[in-house]
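Visitor: Can you walk me through this one? I'll jump around a bit.

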Amino acid sequence: MSPPSGNLILALNSGSSSLKITLYSRRSPSPSSSTDAPAVDLVLSASISDITAPPAKFKLKGKAVGKSASSAESGGSKEESVDSIKDHASAFDYFLRCLEEEASIKEEDIEYICHRVVHGGNFPKPVVITKESYEDIEHLTDLAPLHNGAALSVIHVCIDKFPHAKSVAYFDTTFHRPMPVHIASVPLDQNIAKKKGLKKYGFHGLSYGFILRSVAKFLSKPTEQLNLIVLHLGSGASVCVIKSGQSLDTSMGLTPVSGLPGATRSGAIDPSLIFHYTNRAGKITHKPSAAAPVNVTIAEDILNRHAGWNALTCTTDFGLIAERAELEDTDDGVAERNVYRLAFELFVDRILNYVGAYYLKLGGQVDALVFAGGIGEKSVPLREAIVKKVRCLGFEELDEKNNADVGESKGTVVSISVPDTNKSGPGAGGRSKQILVCHTDEQFEMANDCALDRSRW
């Protein structure tokens, strides 16, 4: 049986080649409910991957999936390859057909649709999609070319398919608005910078918000007393330092391409490198006759889509990279093996650059180093390599068994460190610096916030 009509919230997370969809039902508010109690219940979830590399893979699961009583009791599932999915709009359209066929949920049952939008510019909070706000988000697409366009295409379908429902944009940039001016500013002419909105915005904010509240609950500390260094590591990767429950700094900047390298992103590089990389002369030269014109579109395409560990190893699968990086040298495989180790060690090195800098920004007063994101949650060897390096800062020793068993844990937050009773070690600073893994959930973060906002209901 489907949840009550008019009480459903759909949360959509558009990636560069994927679409995650989760349907929630809003709980009836109760005066006695705990302030940190979930305001929504999961109904079903779907994911569509490989949208840009067909055939796309479609997965649907949840208690509402399946028409038989037995499957509804145990939680049904559906998994298949779909040739007809060519883009995010057709992916979402396919999901809507399955929603009614497999779960008997009609479009009119949905009251709110929450959209993760990566770049929100100066939007200070979530915003209901109107003609004006849609155009404002559209103007920001060039600053997040792998994501904003995909999100807008799905928003457009939702406005067409759900005329009665309200679409709400949730921005990854909102979480980072408390960053101090001197950290967010760029060292360029401020008249031009302010006019064009050139500054550090930061991203993965929905994930960081979820992690902050989850870790605060796990450590039994108020969010405003929490100091964290958080690693959101996935195909798009970033680091955030949280001081007293607010974003102090983060690795991504004006666009998501800066900071850590990703599957196809370069991360931070010398700004002039792109011009030498595309130079016709094949070497550094300032001769106009040998220089090739490189416009913003070409440069951003290279740095966003033709860089990262895919450029080093010809694969975006970091699990495969970590696995092959461990192989022993062989006479016939050393060159091939080395590219995987190069990508693995380069990623570790860049992560450590930020961990060290952010440790200093917190004056050593750190409650935990937190791993999250697809790679942060799944890569046992990456966590092991990083934890080994940060021990000198007073972080607790790695619990190898807990680290290996993270995937089996049912908890949202898992400790993978051995409690250290000696707080007088190097960099201890009077705090027990734990190593945690958080199974982040951006869809829940949006839907839960929407359900808690009583002005919407």
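Visitor: Leu-212: buried or exposed?
Guide: Leu-212 is buried, because its relative accessibility is 4%. Buried means under 20% relative accessible area, exposed over 50%, partly exposed in between, with a 1.4 Å probe and protein chains only.

Visitor: Before I go on, what kind of model is this?
Guide: The model is predicted: local features need pLDDT of at least 70, side-chain atom pairs count only at pLDDT 80 or more, and totals for chains, interfaces and linings use all residues. Residues are numbered from 1 along each chain as its sequence is written, and side-chain values use heavy atoms, with hydrogens and water left out.

Visitor: Back to Leu-212. Where does it lie?
Guide: In helix H7. Helices (H or I, at least four residues) and strands (E, at least two) are DSSP runs, numbered from the N terminus.

Visitor: And what is Leu-212 in contact with, leaving aside neighbours within four places in sequence?
Guide: Phe-175, Thr-223, Leu-226, Leu-228, Ile-242 and Gly-245. Contact means heavy atoms within 4.5 Å.

Visitor: How far apart are the C-alpha atoms of Leu-212 and Glu-224?
Guide: They are separated by 9.7 Å. The two residues are twelve apart along the chain.

Visitor: Now helices. How are two packed helices described?
Guide: By the angle between their axes and the distance between the axes.

Visitor: At what angle do H7 and H16 cross?
Guide: Roughly 80 degrees, and their axes come within 8 Å. H7 covers residues 205–219 and H16 covers 442–452. Axes are lines fitted to C-alpha atoms, for helices over the stretch in contact, and angles run from 0 to 180 degrees between N-to-C directions.
Guide: H7 and H16 are therefore roughly perpendicular to each other. Angles under 35 degrees count as roughly parallel, over 145 as roughly antiparallel, 65 to 115 as roughly perpendicular and the rest as oblique.

Visitor: Which residues make the contact?
Guide: H7 supplies Leu-206, Ser-207, Gly-209, Phe-210 and Arg-213. From H16 come Glu-442, Phe-444, Glu-445 and Met-446.

Visitor: How do the residues of that contact divide?
Guide: Four are nonpolar, two polar and three charged. Here Ala, Val, Leu, Ile, Met, Phe, Trp, Tyr, Cys and Pro count as nonpolar, Asp, Glu, Lys and Arg as charged, and the others, Gly among them, as polar.

Visitor: Staying on H16, what about Asn-448?
Guide: Asn-448 sits in H16. Asn-448 counts as buried because its relative accessibility is 13%. Beyond its neighbours within four places in sequence, Asn-448 contacts Pro-38, Ala-39 and Val-40.

Visitor: New topic. Which residue does UniProt list for "active site"?
Guide: Asp-172, in an unreviewed entry. UniProt positions are given in the numbering used here, feature names are shortened, and annotations may be inferred rather than shown by experiment.

Visitor: Where is Asp-172?
Guide: In the loop between strand S8 (166–171) and helix H5 (181–184). Asp-172 counts as buried because its relative accessibility is 0%. Its contacts outside four places in sequence include Val-117, Gly-202, His-204 and Leu-206.

Visitor: What does the side chain of Asp-172 make a polar contact with?
Guide: The side chain of Arg-116, at 2.7 Å. A polar contact is a pair of N or O atoms within 3.5 Å; within protein, one must be able to donate a hydrogen and the other to accept it, and residues adjacent in sequence count only if both atoms are side-chain atoms.

Visitor: What does UniProt place at Arg-116?
Guide: The feature "binding site", again from an unreviewed entry. Arg-116 lies in strand S6, residues 110–117. Arg-116 is buried, with a relative accessible area of 10%. Leaving aside neighbours within four places, Arg-116 contacts Asp-172, Glu-442 and Met-446, among others.

Visitor: Backbone next. What joins Pro-54 and Pro-55?
Guide: A cis peptide bond, with omega about 5 degrees. Pro-55 is in the loop between strand S3 (40–49) and strand S4 (56–62).

Visitor: What is phi of Asp-50?
Guide: Near 60 degrees, a positive value in a residue other than glycine. Asp-50 lies in the loop between S3 and S4. Asp-50 is partly exposed, with a relative accessible area of 29%.

Visitor: Last one. How many helices and strands are in the chain?
Guide: The protein chain has 16 helices and 16 strands. Of its 457 residues, 49% count as buried.
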